[in-house]
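Reader: Hello! Could you walk me through how to read the features of a model like this one?
Author: Gladly; let's look at it together.

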Amino acid sequence: MTTRIRAAILVACLATLAGACADSASARLEADNPIRPVAAAPFGMEGFVASAGATADPARVRLGRWLFYDTRLSADRTVSCATCHRPDYAFSEPTPIAIGVGGARGKRRTPSLINLAGRTVLTPADDPGPMFFWDGRATSLEAQVVMPIADRAEMALDHADMVARLADIPGYRPYFTQTFGTADVTTARVASALADYVRTRVSGNAPFDRGAYGGDGRALSLSAQRGRDLFAFKGRCALCHAGPNFSDGRFYNVGIGWNAATQQFADVGRMAVSHLPRDHGAFKVPGLRDVARRPPYMHDGSIPTLREVVNLYNRGGIPNPWLSQRLGPLGLSETEVNDLVAFLQSLSGEGYEDRAPTLFPK
Ligand code: HEC
Ligand code: HEC
């Protein structure tokens, strides 16, 4: 190489040095959170995810992943979605009641976010549509995901302030442009990105799937195999915990939160939304995938172990005037209780795992 060419290259490099620095910063940022093709649904969940008809977009998922873990979406910049929905606990958390900005106490337990991409529709003619939250008050994932941002007991940041704050972060602009065509930050765009990130948290290929449908005779212990039959028949669990995600997406009263002394529910649940007396104390049936990874249980986190959950059903639920007629004493033996617990443990799968990105747009 001649000296003259070398000098020319040097001048060119110096001219672009500022740009090059910025380029390498954004290259690091993107390498830390790359656009990934949306993974196929894990074994056992293919039909469930496909039936929802909503396909996640890879650029939206990447943007949504930053937003999900970004504490700047809360009033005091300390709380992100992942503060409560922790990846290591199947996007739930090991505390009974969620704590938000400034230690504000919510009134319910943080539910898992896995397998919200699809839902089980048992009777298409009588399909109530998708419903989110323990009481089903949000009817789409897009509507749901931005509600915690403004909730005083969660992130406590009004949507207008959230939009202004994100618009002030230049590092986010290229990714809003890439995803939506322009750099404008809107609540609907934030919702769309967060919803697509949540949609891709799908758990399947559990020992249950491999044993029941994959022909792997050793995937399920004998105890779990007996538990599977108890779940479907004698235990009556599958009446409500139906379909590939073990929820029919409807609302039932199993008596959780009933105060026998005051004859009242601490939380009336679905009734506050539907205004139907029969929904008194009724809550959405939680899916049971990865349930062993996310105690404590129920909408108020009042039951610490799976064994205690099964014992509760064995007694027929907690008596109260609105108890679901589907419940009643089951007469399960000690071994049968163990078998049901072993079955519930066989529902821990894979495909939804994640961790927080280490770098965020600045
Ligand atoms: C302070 C803890 C906390 C934070 C922060 C939080 N959530 Fe939640 N999340 C909850 C609780 C508690 C519920 C259940 C509330 C209810 O049912 O009334 C919930 C419910 C949900 C649901 C409904 C799940 C279902 O099965 O219906 C989704 C989806 C969700 N959150 C997504 C998010 C997203 C996205 C963020 C960030 C923008 C977020 N959450 C921030 C605690 C939190
Ligand atoms: C009448 C419908 C119904 C039947 C039958 C039923 N469940 Fe449930 N299950 C629910 C509802 C509703 C909840 C949430 C209740 C609440 O939080 O108030 C729930 C909660 C659970 C939970 C806690 C999950 C979590 O994320 O907190 C487990 C575990 C569970 N059920 C297992 C079972 C088993 C095992 C059986 C059979 C022995 C069974 N269920 C029978 C409706 C039912």
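Reader: Which residues coordinate the iron atom of ligand 2?
Author: This is a predicted model. To read a metal site, start from the donor atoms. Here H241 through NE2 and Y313 through OH coordinate the iron atom of ligand 2, at 2.0 to 2.1 Å. The pair brings together distant parts of the chain, 72 residues apart: H241 sits in the loop between α12 (222-232) and β1 (251-252), while Y313 belongs to helix α14 (residues 306-314).

Reader: Why is the arrangement around the iron atom of ligand 2 octahedral?
Author: Look at the angles. The six donor atoms subtend 80 to 179 degrees at this iron atom, so the arrangement is octahedral. The test asks for opposite donors over 155 degrees apart and all others between 65 and 115.

Reader: Is H241 buried or exposed?
Author: Compare the relative accessible area with the cut-off: buried means under 20%. H241 has 11%, so H241 is buried. Y313 has 21% and is therefore partly exposed.

Reader: What does L166 touch?
Author: Leaving aside residues up to four places away in sequence, L166 touches L67, L73, Y172, V185 and V190.

Definitions and conventions: Residues numbered from 1 in each chain as written. Chains lettered and ligands numbered in written order. Predicted model: local features only at pLDDT ≥ 70, side-chain atom pairs only at ≥ 80, totals over all residues. Heavy atoms only, no water. Donors = N, O, S within 2.8 Å, 3.2 Å for Na, K, Ca; no water. Tetrahedral: all angles 85-135°; square planar, octahedral: opposite > 155°, others 65-115°. Helix = DSSP H or I, 4+ residues; strand = E, 2+ residues; numbered from the N terminus. Buried < 20%, exposed > 50% of the residue type's maximum accessible area, 1.4 Å probe, protein only. Contact = heavy atoms within 4.5 Å.
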